[in-house]
Amino acid sequence: MFAAGTGPSQGALIKSLSFVKKVKMGKRMEKALKEKAAASSTSQDAADDESKTPEPYSCTGMFEQDFTELCRRSGLQQGEIPPVVIRPKRPPTPPPPDPKAQTQVSAEDGEEEQKEPEEPKPTTYTTKDKFQYFKPTVQVEMENEDKPATVTEIYIRGWKVDDTMMGVLKQCLPTIEKLHTLYFWNTGLTEKTIAELASFLPQCSNLKNLTLDGNPVLEENFALLIGDDSLLANVSFRNNHITDKGAEMIGKALSTAKSCNKNLISLNLSYNKITDIGATHIANGLRMNRVVLSLSLASNQISDTGAKKLGEVLSRFPLTHEETVERRKLIREKGSPDRKSPSPPSRGRAESKDRPGSKGSGTVLDKTDKKRDKSSKKKDGKKSDKDKDDSPTKSKAMQDAKKEKEEDKTVKGGAKKDDKWKKGVSKITMLAEMQGTKTAKGKKTVGGKDKKGALLPESETPDVVEAINPLMDSVENIDGQLWIPGNRALINLNLSRNQISEGGFKALLLGVQYQMTLNSLQPNPALKGLMRISLNKNAISPSNDAVSKLQELMTTRDPFYKPPSQSPDGDSQSHGGQ
């Protein structure tokens, strides 16, 4: 009875347990399917996010923030991003000890004891953690350390600036408004990174100083940094292994017959491998350049040939065929009738047979104009008779001679200055043009009103010295060649530690003497000529006659020269301690 009674209950229990197991398995399968679907959706979203390009970062002008964010976006890890730090400065000199010795009288024995001042801690050095000094950093100087947007100077030293890092700098440097100095020392620059640097430096409107020292590049494309569109004023390419190949490109960047760098003031090419060939290219770059004031070629391989070429550029030189052709083009442009000035047509146009000068209605000619027209007609008649008899070679020679005479008359008669060679007008002159009135002498005066409405006294603005194209300067015809005065804009030349001997010194001496003579005959406040020349440690004895004459001549031209004080008797006093 018991066995028969328990049979059905156990079967039902087994059935119920199997049903519960099936339900649990179904729920597990459903949960697994849901998790699988969710995982597939998240992976698909992640793939979509990776395929989407991130939004471009707009720089804010705060260098540290922009530099760090751009490095992170370029794929650098947090530990690989060079930190931006304030440039360390030399600690100030500690104050001298107090001269007044503090004394203290002891109460017991009444003896005076001198109190020794405590020795201050040394402040002439700073300590850093182990290897911290060798980690790459970007050093900056700021006008105000509390304001991140006032970065003025950036220094990168001793670590490689690759393509990625140059791309980061390309984005953030142009947005720094007050940046005026950029310094790269031993940063492993390549042809590509230098070309990239040259592409965005003109966008840095206030950047004037660039130093690229210790960066030898096989292609030597440093001339890209001082092209026609460059705004740099002071450039240093020291110790870059620049040879004659790089010197040729730099010379062409300084000036050619058709172009000229109008902003570069100082160029340092010391500690390179420039020979006489490279020095000749640099001298050719100074032929048409009247902006560079300081040039350093110290510690190179220049001998007498290069020094003679530099001396020739300082004195005077004949124009090449290309320069002569360019000069004729400039003179033709100045004398063209397309100018807006109400001057009468040029003489060349009036004498033209194909297109004679026409008189407008109501035009009254002066007596001089009538005489000029009559004389021109007579000359035309004579020329037409002579042209039939003369040979073609003779007529061509006469035309060339006449063209040279007309060029000289045009230059001496006050041809206009070439707009391409004008320097930028100063802010004061621009203000004078907007607010001032022209005086009788052609100078402008600036006037205005104060807060109460009273008129302020007018003040004359200083004259702006404009750089004239050397091709438009007065010429001298010697043996069929046109000679022009040399470069008098250069005031500092460094040729120390080269291989110059007596011949080179004599050439430089003649150049300086010619400049002094020309200054006395044609004084120009903007063209003073060479004022300082450094020729130490060359292949010549200091007691040589040419060396002593050049030193004596340059001593009085040095702007820091102080003549010896004289006694009441007229003799100069000795300061040698006698």
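I shall take the sheet, then a pair of helices, and then the nonpolar cores.

Please bear in mind that this is a predicted model.

Let me begin with the sheet. Ten strands, written 10 in the strand count, form an open sheet with mixed pairing. Their order is β1-β4-β5-β6-β7-β8-β9-β10-β17-β18. The edges are taken by β1, residues 84–86, and β18, residues 532–534. Each of these has a single partner strand, so one of its sides is left without a neighbour in the sheet. On average, neighbouring strands are turned by 10° against each other, direction ignored.

Within this sheet, β9 (residues 266–268) pairs with β10 (residues 294–296) in the parallel sense, over 3 bridges. Here Asn268 of β9 stands opposite Ser296 in β10.

I turn to the helices. Helix α3, residues 163–172, packs against helix α4, residues 191–200, at an angle of about 5°. Their axes are 10 Å apart. An angle under 35 degrees counts as roughly parallel, and α3 and α4 are therefore roughly parallel to each other. On the α3 side, the contact is made by Asp163, Met166, Leu169 and Lys170. On the α4 side, Lys192, Thr193, Glu196, Leu197, Ser199 and Phe200 take part. By class, this contact has 4 nonpolar, 2 polar and 4 charged residues.

Finally, the cores. Which residues touch the most other members of the largest nonpolar core? Among its 80 residues, they are Phe63, Phe67, Ile154, Leu169, Leu173 and Phe237. A second, separate core of 10 residues includes Phe317, Leu319, Met472 and Ile484.

Thank you for your attention.

How values were computed:
Residues numbered from 1 in each chain as written. Predicted model: local features only at pLDDT ≥ 70, side-chain atom pairs only at ≥ 80, totals over all residues. Heavy atoms only, no water. Core = buried A, V, L, I, M, F, W, Y, C linked by side-chain atoms within 4.5 Å. Buried < 20%, exposed > 50% of the residue type's maximum accessible area, 1.4 Å probe, protein only. Pairing = 2+ DSSP bridges. Helix = DSSP H or I, 4+ residues; strand = E, 2+ residues; numbered from the N terminus. Axes fitted to C-alpha atoms, helices over the stretch in contact; angles between N-to-C directions. Parallel < 35°, antiparallel > 145°, perpendicular 65-115°, else oblique. Contact = heavy atoms within 4.5 Å. Nonpolar A, V, L, I, M, F, W, Y, C, P; charged D, E, K, R; others polar.
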